[in-house]
Every structure is written in C-alpha cells, then in structure tokens.
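The following report describes selected features of one protein model.

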Amino acid sequence: MRHLITLIIMATLANAQTTKSFGAKINQLGYGEQAKKILVYRDIDAQAVEFRDLASGKAVLTAPLSAPAAWEHSGEMVRKADFSALKKGLYAAYINGARISDNIVVQNNAYEGLFKSALKWFYYQRASTALSPEFAGKWARAAGHPDTSVYYYPESDMPEGWKISSPKGWYDAGDYGKYIVNSGISVFTILEFYEHFEKELQKLTLNIPESKSKTPDILEEVRWNLDWMLTMQDSDGGVYHKLTTARFCGHIMPDMDTAKRYVVMKTTPAALDFAAVMAQASRIYKPFDAKFSQRALAAAEKAFEWASKNPFVLFKQPEGMNTGGYHPNGETVKDEFLWAATELYISTKKKVYMQTIDSIPFGPHAPWWGDVSFLAVYRLADSKNGFNKNLTKAAQDTLLVLANNLSELTKNSAYGLPIFKENWVWGSNSAIANNGLVLLHAYYLTKDKNYLDGAQRALDYLLGANPLDISYVTGHGNRVPMDPHHRPSEADGIFEPVPGMLVGGPHEGGQDIKPGNCEVNYVQKGKPALSYIDHNCSYASNEVAINWNAPLVYLAGALHFLNNGAKTP
Ligand code: G3I
Ligand code: 9MR
C-alpha cells in the first residue's frame, strides 16, 4: 500500500515537472538541419500534417501521412510523416487545424548539451571522492567508499587479514558496486568515441577537477575508472570479477554505506575484458602519459596470459552475497577472447593474438556486456587497423548484414525505428543505443545516408519518439524520468535526479515486481514498449548504468559532431 501511495504522489509530482504531451512522437530535443525527421502519430482520419513556423504562425510544410500500420511492440496503429525538409527554426505540427506536437527544434547543436551531460554523468558516478559544488553543482556530495581496505569474499578463502586497496572507479549503476565486466564495454565505447572524434574532443571541457591538465577531459574521466581497474589485477595476472558489499545496501548516500567491501573470484571474462580495454587505453593515453600506457599494455598482456591458462573460469555468486553478477545465461568466453586478442594485436602486432582471432568466428549480433564479439568486428572491419584483407572483408560484410537488417526496420516498420524484438530486455534502451552505433559504423564504412538515418532514429526513440512519449534521459526533454533507481538521486534530498542518465527502459521481464518492491504491475503483456514505470522500485526498467550511458554518449555526441561538419572516422 505504502508503495502505491508513493507511486501516486511521485506520479503527480513528476507530472509537475513535465509539459503536457500533444500526442505526436518526435525527438524532444530536436534535429540537425540535414537529419532525417519523422513524426509518428496515432491512426487518424487525415491526409497530411501541416508544419507551422512558431514565430510567424505560417504553414511552411505539408507532409503526407503514411498509411496506418501496426507496431508489434506496442500494439498501436500509427501513421508517419516525413518533415526532413524543414531547416533551422522552431516549429509545431498540426492536423486539421489542431496542434499535435511539442515544439520542434531544428538546429545543428540540438544534442550538444545532452552528450556533454551524459558524459559528465560519469563524474557523478565516481567512487572514493567527494563531489564539490564547483564541479557537481547542487548534486555535490560527500565521499563514499574509500575502498582502501577491501577484503576477499568469502574471507575464509584467504589468509587471516588479507585485504587490498582498490580505490576510485565508477559506481556501476544505481548501486555502489564496481564491476570489471561492465566496465569493459563501457570504457571501450567512450574511448572509441574519443578515437573517432579526437580532433573535436581535444578541447571538450567537462568542468571536472582535472580540467586544467593537458590531457583531454574525456580521457581524464575514463582514467578514474582505468586506475581502479588496474588495482583489481592480482600478481598472477588474474582480475577479480567485482568489488561490492556482500548485499545491496539501502537507498542511502555513498558516505552512509560503510559496510565491509569485498572483491570476489578472478574470472576469465573479467581478465579478457580488462585486457581488451587496457590494450586500447595503452594506445590512446600514450601521448599523454607514456608510463601509464606501458603499464596498461603490460597488464593487458598479463591478463590475457592468465586467461589462456584459465580459459573457462566463470563467475559464481558466493553464498550469502546478492550483488550483481554480469554472468549471462549460457556464458561462453569466445567473444571476450576474440575482443581481447583483437585489441592486443592492434597494440602489439604479435602473432599469438592473430592465432586466437583466426580461431574464433563472429556473427551479426550487436554488442552488449554478455557478448562483446561485435566490438572486435568494429576493429576488424576498419581497414586502418591493418588486418588481412579477407578478414577485414568478412568483418565488413558481417557489419553490413546487421546494419541492413536495422536499416530495413528503420525504413519499413510502423514507427520507423531500428529495433528488433530481442531488444526488449533489461537495459532495452542501451540495446537500441548500440543498434544506433552499429548503424553509425556502417555509415562510416559506406557513406550510405540510410545508415545515418537509422542512427538518428535510434536517438529519436530514446529522446521521445516512442509510445510512452517520454525522453528516457533525466533532465533532457519535455517529459523525463523523475524517479530513477539511482541511490544518490533518491537519497540526496534534491527533487531533480542527477541529470544526463539514460534509464534502462521498457521490457516485459518485470523482475522487480514483487511484494515489498514494485507492487504495481507495470508490465503490459505482449506490449514490451509500454512496460515501464518511472519509479525507483523498478531496477529492471528504471535504473541507470555505465554501459547504458556510454552508447548514449557516443550516439548523441557523434550525431552532434557530424551535424556540425566533422569528418567521418
Ligand atoms: O540474453 C537473454 C536473451 O537471450 C533472452 O531472450 C532475454 C529474455 O529472457 O533475457 C536475456 O538475458 C537477460 C540479460 O540481462 C541480458 O539482457 C536476463 O534475462 C536479465 O536478467 C539480465 O539482466 C541483467 C541484470 O543485471 C540482472 O542480472 C542486466 O542485463 C544487467 O544490466 C543488470 O546489471 C545490474 C548489475 O547486476 C548491478 N548493478 C546494476 C545493473 C543494472 O541494473
Ligand atoms: O539496487 C540494486 C540494483 O542495482 C540491481 O540491479 C537489482 C537487481 O540485482 O537489485 C537492486 O537491489 C535490490 C535487491 O536486489 C533486492 N532488495 C532491494 C534492493 C534495492 O532495490
């Protein structure tokens, strides 16, 4: 009952923070001038949509409505209108004289604030440090989790008094755990964004404590997590899987969570994800910190060697611990071996890594923390990385198979969105963001604008072009999440959640619907795109996570730079 009352209060309060919807599904932050612009509206007896310039009130474009079509993921009948012809300005859409849309913004800087905010969010996730008002504004907070005395779980498995120092790093999500596997794909994605838009990102300032250094702020922020990751490697090269308390703490601020913290078993996926990002980091940081670059590469090779000697050690949750696992059903480690070997080959050109690459097949499956093989496909498909022509061609073909499937959905599905049925899982928004990144990589390879249009539609979905007509990013949009499952946002006494966070998004899993947790069944069977609740009880649909924000940073940032004339990578 208590939860229900909270829910009603939050929903009412939340509405106080949002502007009323007019019904048309659009990107609530707007569009670049050259972007594909699609409006989706419920099935209605009309021929066209009229777009009016808001300043003059004059009609400037009439766009025909498509035939009604059913969108299987929400059970809606909808129609689309293409208003790509609109150039810089502020507009609204009308049907039969009635307004149907929020303000429509067309300007090339539409996503600048968003991508910077999504990237700055990683600073807000820092463990082991206070966030001062100078850098964190009203979300400043005391330091939590020094992590200078971290034990082994279970302690009985180690000699009396065994402990390590493992400070810094990013909190994984709405909890205060630090997880190597999830750090892997998250760090890769942000560093790849840097690799692809290095010129544009050199000068980007995030207003973080390191902003005055000679190293670009984006690299300084990632370094906070890389430094922690290095402390998770044991002397034999193995890497501990995670660092957490034994059980998830309550919804409290970091400095209030003073329970003992532990590392747990070394695993093969942890060693390989660690090896991959350390090899990648050794190349990127070399011009800024040669010593760190050498240390990272040595650590990467040592971790790969440990994994080669321990090729199938999987995470097993110890008795009495309930924190996250990052251990997918039916786990294989071939994807991690492929990715780590690919990054290590690029950094060292050693034959041993090529032998591993040649032994592992890859397929057209977008990347997620449980299958990182497509991160290797991105590398193998890039002819600048010097792999043999046949392998590069095979990777390019694989990339285009997946991108073409996504492009077909963009063109022909009722909502015009690059979304597969299998994307409706815990973290569905990150699956859709990663689909956008697949399409961007295909655009870089072919310069075919259809792929760029698909990436645009992936971002449109996250920012409002969805059946719930909300932007899934805190603080960015007309209707946004106000009560995410994010301990600092819940416990800080500040009404607005920390900004720039992409919530997990809708799906039918409903793993959080149980007595004493989410007591409202928000799942609509057969309608995954509607199965979401903006309440902190819902860690399955409304949490935030570093591997969800990272592809948002890349997608919004890449479109921003491309909208403003950046060369494709
Ligand atoms: O891969 C299968 C897919 O084949 C199947 O069709 C689908 C539907 O059943 O399930 C898919 O597996 C899901 C997996 O996520 C991949 O999407 C599992 O059901 C689902 O339980 C799993 O959820 C993970 C969740 O932890 C619970 O383990 C999320 O991916 C993962 O992001 C989340 O991570 C947590 C950390 O453990 C702790 N910190 C917060 C973080 C975010 O919630
Ligand atoms: O806060 C935890 C979140 O980060 C995890 O994704 C989720 C699933 O593992 O668990 C959350 O913690 C809850 C725990 O699982 C059950 N008791 C309530 C905890 C806070 O919601």
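## The disulfide

C518 and C537 form a disulfide, with their sulfur atoms 2.0 Å apart, where a disulfide is taken to be a pair of cysteine sulfur atoms within 2.5 Å. A search of the whole structure finds one such link, and with 100° about the S-S bond the link of C518 and C537 is right-handed. Both cysteines lie in the loop between α15 (487-491) and α16, so the pair ties together parts that are 19 residues apart in sequence. Helices (H or I, at least four residues) and strands (E, at least two) are DSSP runs, numbered from the N terminus.

Both C518 and C537 are buried, a term that stands for under 20% relative accessible area, with exposed meaning over 50% and partly exposed the range in between (1.4 Å probe, protein chains only). C249, by contrast, is in no disulfide, and the nearest cysteine sulfur, that of C537, is 17 Å away. C249 has a relative accessibility of 16% and counts as buried.

## Basis of the model

This is a predicted model, in which local features need pLDDT of at least 70 and side-chain atom pairs count only at pLDDT 80 or more, while totals for chains, interfaces and linings use all residues. Residues are numbered from 1 along each chain as its sequence is written, chains are lettered from A and ligands numbered from 1 in the order in which they are written, and side-chain values use heavy atoms, with hydrogens and water left out.

## Helix α14

Helix α14 (residues 449-462) has 14 residues and reaches 20 Å from its first C-alpha to its last, close to the 20 Å expected at 1.5 Å a residue; the expected span is 1.5 Å times one less than the number of residues. At the start of α14, a side-chain oxygen of D448 comes to within 2.8 Å of the backbone nitrogen of N450, and α14 is followed by G464, whose phi is positive, near 135°. Of the 14 residues of α14, 12 are buried, so the helix is largely enclosed by the rest of the structure. The elements that cover these buried residues include β1 (38-42), α2 (112-124), α12 (389-412), α13 (428-446) and α16 (546-563).

R457 has its place in helix α14 and, at 1% relative accessibility, counts as buried. A polar atom of the R457 side chain lies 2.7 Å from the backbone oxygen of Y415. Leaving aside neighbours within four places in sequence, R457 is in contact (heavy atoms within 4.5 Å) with I38, V40, T410, Y415, G416, L417, P418 and A465.

## Aromatic rings

The structure holds 34 aromatic pairs. Rings of Phe, Tyr and Trp (its six-membered ring) pair if their centres lie within 6.5 Å, and planes under 30 degrees apart count as stacked, over 60 as edge-to-face and the rest as tilted. The rings of Y345 and F387 have their centres 5.3 Å apart and their planes at 35°, so this pair is tilted. Y345 lies in helix α9 (residues 334-348) and F387 in the loop between α11 (373-380) and α12, so the pair ties together parts that are 42 residues apart in sequence. Y345 is buried, with a relative accessible area of 14%, and F387 is buried at 7%.

One aromatic cluster is formed by W71, Y415, W424, Y461, Y472 and Y532. Charged side chains also meet rings: the charged end of R52 sits over the ring of Y94, 3.8 Å from its centre, and K20 lies over the face of F22, at 5.4 Å from the ring centre. For such an arrangement, NZ of Lys or CZ of Arg must be within 6 Å of the ring centre and within 35 degrees of the ring normal.

## Two buried loop positions

G144 is found in the loop between α3 (133-136) and β9 (151-152) and is buried, with a relative accessible area of 2%. The C-alpha atoms of G144 and D255, 111 residues apart along the chain, are separated by 4.0 Å. Not counting residues up to four places away in sequence, G144 touches A127, S128, T129, Y171, P254 and D255.

M501 lies in the loop between α15 and α16 and is buried, with a relative accessible area of 0%. Residues touched by M501, not counting those up to four places away in sequence, include W121, Y472, H486 and N549. M501 and S430 are 71 residues apart in sequence and 12 Å apart in space, C-alpha to C-alpha.

Methods:
Polar contact = N/O pair within 3.5 Å; in protein donor to acceptor, adjacent residues only side chain to side chain.
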